[in-house]
Amino acid sequence: MAHEVHTTEHTITVAAAPEAVFGLVERAEDWPHVFPPSLHVEYLERSGEEERLRIWATANGEVKSWTSRRTLDRAGLRIRFRQEVSQDPVAAMGGEWIVEALPGGGSRVRLLHDFRAVDDLERNVSWILEAIERNSGAELAALESAALRTGTDEAPYTFEDSVRIDAPAQDVRDFLHDAGQWQERLPHVARVLLKEDTPDVQHLEMDTRTPDGSTHTTASVRICLPDGRITYKQLQTPALMSVHTGEWSVREIPSGCVAVSRHTVVVNAAAVTKVLGASATTADARTFIRDALGGNSTITMRHAKEYAQRRAATEPVPPAEYASVQRFYARQMRLLDEGEGDAWADTFTEDGTFDQSSFAEPLRGRAAIAAAVRGRPAAPAGTVRRHWLGLPAAWRFPDGSVRTAYDALVVSTEAGAAPVIRLSTSCQDVLVADGDGWLVSHRYVGHDGQ
């Protein structure tokens, strides 16, 4: 027997242009700092008018996750959505966003839902209707607020901080994931309570110390993603913020990794003068929040660095091995200066990677690296180019590789003229043993000034 289909409709009038309102609904990646129930959204597929999304959101106080397909009618300002696999007690769910222009200006937003409940049980129908009623009302009110904030100092703003770490990325990710131990590991955390009833969905309550010695309590939901990122949304924020979402990520580089903390914040304008004083502005609040959040995040990443580097127990390579590394670089630079592109490429592993800050994509494999060297523009007639490498530092990592960091210059000298520095760079390599020598498995060259 077919389950009964239930339908709902919620509406709101917004004093903003229809296209601006539609844009807020269309940009699903922004939902966590627009809609209170939304925690995180990942695009799984995007093709023209069709999209597939993974969504995490709260419903009646519970964290739910599902995958939805959307069809965008940008000309008609309509977005249809349908859940692919719903979570109990929802058997099926879909609906539509419709944005209409009003004759006197502004917009009318209609949010439609249709759903079926598991087993058609009345308690399931009631649970779903309650969740739709609560979330739809909150979403439409938040959509209006977001539309009115657009272009003002109260619009969401994003900032990042990063710390370079000479240790494997996984140890850093483990430190960030194990937030239940932060009370013992971080000086600014006075109390922490971490629950993970659903795998990869963490509920984190934390008391954080401020520079004046006081503490404030925050409550967050953290989504731990398969690629190692941790996204979070604070459900309980300090008074100065009405919205705070964030992300921890760790990017591997040849000499270790880079930890990045990203925040998106909406200032609670009503609290600015109460918290910061009668003369304070929203811009002052942004600066205060940037310093406070960025400072705490940087402290967390620095402690993650200490933890990971202690676990990695990386040590400078012994003198004989260091001498062999220097001989390797002397030979490699000579091959490059003499235009021996194929021989130079052979100093990389077969699947080696060569990356530069000026590259859109890294070169992968010896053949691609050799072709790039052969394709370099030749120096003008009468001009000599030299590569100089200096001050290499070398550490052995637990995986057996040797990681190096060094500075390199490209010097160009015309006949009868003084040498000119053509490029100044900072480089990191991953070296692997090749008999009694070395091969580069990964090289990153960062150009100064970029």
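Buried area is the accessible area (1.4 Å probe) that two parts lose on being put together, summed over both. The legends below describe a predicted model, in which local features need pLDDT of at least 70, side-chain atom pairs count only at pLDDT 80 or more, and totals for chains, interfaces and linings use all residues. Residues are numbered from 1 along each chain as its sequence is written, and side-chain values use heavy atoms, with hydrogens and water left out.

**View 1. The interface of domain 1 and domain 2.** The chain is divided into domain 1 (6-149), domain 2 (157-312) and domain 3 (319-447), with bounds taken from an automatic or database domain assignment. Between domain 1 and domain 2, about 990 Å² is buried, 70% of it on carbon and sulfur atoms. The C-alpha centres of these two domains lie 28 Å apart. Contact (heavy atoms within 4.5 Å) joins 11 residues of domain 1 to 13 residues of domain 2.

**View 2. The salt bridge of Arg229 and Glu42.** A salt bridge is a side-chain nitrogen of Lys or Arg within 4 Å of a carboxyl oxygen of Asp or Glu. The side chains of Arg229 and Glu42 meet at 3.0 Å, N to O. On the side of domain 1 that touches domain 2, the largest share, 4 residues, comes from strand S2 (residues 38-47); helices (H or I, at least four residues) and strands (E, at least two) are DSSP runs, numbered from the N terminus.

**View 3. The salt bridge of Arg290 and Asp161.** The closest N and O atoms of Arg290 and Asp161 are 3.0 Å apart. This pair links distant parts of the chain, with Arg290 in helix H6 (residues 282-312) and Asp161 in strand S8 (residues 157-165), 129 residues apart. By the salt-bridge rule, the count comes to 29.

**View 4. Backbone geometry at Pro89 and Asp120.** Most residues other than glycine have a negative phi, and most peptide bonds are trans. The peptide bond from Asp88 to Pro89 is cis, with omega near 15°; Pro89 is found in the loop between strand S5 (78-85) and strand S6 (90-101). Asp120 has a positive phi, near 55°, and is found in the loop between strand S7 (107-117) and helix H2 (122-149).

**View 5. The annotated segment, residues 321-443.** An unreviewed UniProt entry gives these residues the annotation "domain: SnoaL-like"; such annotations may be inferred rather than shown by experiment. Over residues 321-443 the chain is 25% helix and 49% strand, and the end C-alpha atoms are 19 Å apart.
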